[in-house]
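Here's a quick briefing to read with the model open beside you. Let's walk through it topic by topic.

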Amino acid sequence: MKILVTGGAGFIGSAFIRMVLGAQEPVRGARVLNLDKLTYAGNPENLAAVAGDGRYRFARVDLCDAPAVEAIFEGFRPEVVVHFAAESHVDRSILSPEPVFETNLRGTFTLLEAVRKRGVARFVHISTDEVYGSIPAPEQADEGFPLRPSSPYSASKAGSDLLALSYFTTYGVPVTVTRASNNYGPCQFPEKLIPLMISNAMEDKPLPVYGDGLQVRDWLHVEDHCRAIVAVIEKSRAGEIYNIGGNRSLPNLDVIRKILEATSKREELIRMVADRPGHDRRYALTSAKLTAETGWAPVMEFERGLEATVGWYRDNPGWVERVKSGEYQRFYEINYGAR
Ligand code: NAD
Ligand code: TYD
């Protein structure tokens, strides 16, 4: 199966490629082309394990570059597209919304146009539970829950979900939308809560807690997420939306205290700082539909996954240093030239 992965040099996309081309071969006969612009969040080192694999190819392309995207379809002729590429951080989207709308909306549109012209067996649009906005306890969002996005990031994701689904309704493109909760695991850029707190704690830097720190998130290990995507490719229905949750809701301060424990650091590192504008209080979702239709369920217990994630960051200080310095983008320009 020829799979075009967009954003495969990022956190979740790279975990997906490593899994799909890994020893267990969850998708038989998989060949992958990774289309990635290599923004600050894209890091070829995440794909070192598959770099020399004949089943893997990489193309540095901006999703918004329609002729380049079409050339990829012409040359590779993918059967399945898994669309991860996005500007993925809420805080960045608040500070600078334009790239978020460019990539998440225009980029998705460009890709959908290429798919409409060429045809594929399945287009998996990777989205987020943040499109539902803040959810009052004890409710849980199912796939029919109203969309009430709060940030430029979540609004752009909600818009791209609807755009993708319109290509199913209008043109018959076999689109499936997935909405996952907060992911954690190795190779996550240290701007999101868990990797930022781990890397700051390890460097004895303050841990900035927004507002009162009692906001609740559902935590999903990235490998559980990737297994869910494989299940979606193989067993889900086109034209449908599937939530993917980790079944583990925690207030941010509880997560941070667990990180302090795992890094053997003291609570004094915690700094209560100004709240994020428009900060969603609580995310909660049910993935009962995905479980019923595919048999998928998360298996990684949060404490075990967090311990392993802390271990990964402890063992890879150079990775953190290099992603923070933007060294990979310079390496790529020098060795391969800009497109
Ligand atoms: P990431 O920021 O780690 O990686 C994004 C990747 O997309 C990078 O490799 C980047 O270079 C690439 N990219 C960005 N703009 C591009 C463009 N214009 N053209 C081509 N490539 C471009 O993101 P992530 O955390 O791996 O998230 C992947 C997807 O999963 C996103 O769509 C995100 O909305 C969704 N998601 C993320 C989470 C989470 O907790 N991280 C949760 C639910 C859903
Ligand atoms: P984040 O990882 O940015 O994911 P999202 O906003 O998509 O859920 O943030 C997770 C939670 O942690 C969110 O409630 C904001 C909070 N947070 C902090 O308190 N301090 C921080 O430095 C960061 C990055 C996040």
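Helices here are DSSP runs of H or I with at least four residues, numbered from the N terminus. By that count, Met197 sits in helix α6, which covers residues 193–202. Keep in mind that this is a predicted model.

- Met197 is tucked away: its relative accessible area is 1%, so it counts as buried.
- Met197 and Val310 are 113 residues apart along the chain, yet their C-alpha atoms are separated by 9.9 Å.

**Helix α4**
- Helix α4 takes in residues 98–118, 21 residues in total.
- From first C-alpha to last, α4 reaches 29 Å, close to the 30 Å you'd expect at 1.5 Å a residue.
- That said, α4 has a kink of about 25°, centred on Gly107.
- Gly107 is also one of the buried residues of α4, and others include Thr103, Asn104, Thr108, Leu111, Leu112 and Glu113.
- Just after α4 comes Gly119, with a positive phi of about 85°.

**Val100, a residue to look at in α4**
- Val100 belongs to helix α4.
- With a relative accessible area of 3%, Val100 is buried, because the cut-off for that label is under 20%.
- Val100 and Ser88 are 12 residues apart in sequence, and 7.9 Å lies between their C-alpha atoms.

**Cysteines**
- How many disulfides does the structure hold? The count is 0.
- A disulfide is a covalent bond between the sulfur atoms of two cysteines.
- To count as a disulfide, the pair would have to be within 2.5 Å.
- Cys226 has 0% relative accessibility, so it counts as buried.
- Cys64, on the other hand, counts as partly exposed because its relative accessibility is 22%.

**Cavities**
- The largest cavity has a volume of about 60 Å³.
- Its lining takes in Val90, Glu130, Ser150, Ser151, Ser154, Arg217, Arg276, Gly278, His279, Asp280 and Tyr283.
- Sorted by class, that lining of the largest cavity has 5 polar, 4 charged and 2 nonpolar residues.

Note on methods:
Residues are numbered from 1 along each chain as its sequence is written. Chains are lettered from A and ligands numbered from 1 in the order in which they are written. This is a predicted model: local features need pLDDT of at least 70, side-chain atom pairs count only at pLDDT 80 or more; totals for chains, interfaces and linings use all residues. Side-chain values use heavy atoms; hydrogens and water are left out. On a 1 Å grid over the protein atoms alone, a cavity is a set of points where a 1.4 Å probe fits but cannot get out, and a pocket is an open set with protein on both sides within 12 Å along at least five of seven lines; lining residues have an atom within 4 Å of a point. Grid points are joined across faces, edges and corners, and a volume is the space filled by probe spheres set on the points. Ala, Val, Leu, Ile, Met, Phe, Trp, Tyr, Cys and Pro count as nonpolar, Asp, Glu, Lys and Arg as charged, and the others, Gly among them, as polar. Buried means under 20% relative accessible area, exposed over 50%, partly exposed in between (1.4 Å probe, protein chains only). Helices (H or I, at least four residues) and strands (E, at least two) are DSSP runs, numbered from the N terminus. The expected span of a helix is 1.5 Å times one less than its number of residues. The bend at a residue is the angle between axes fitted to the seven residues ending there and the seven starting there.
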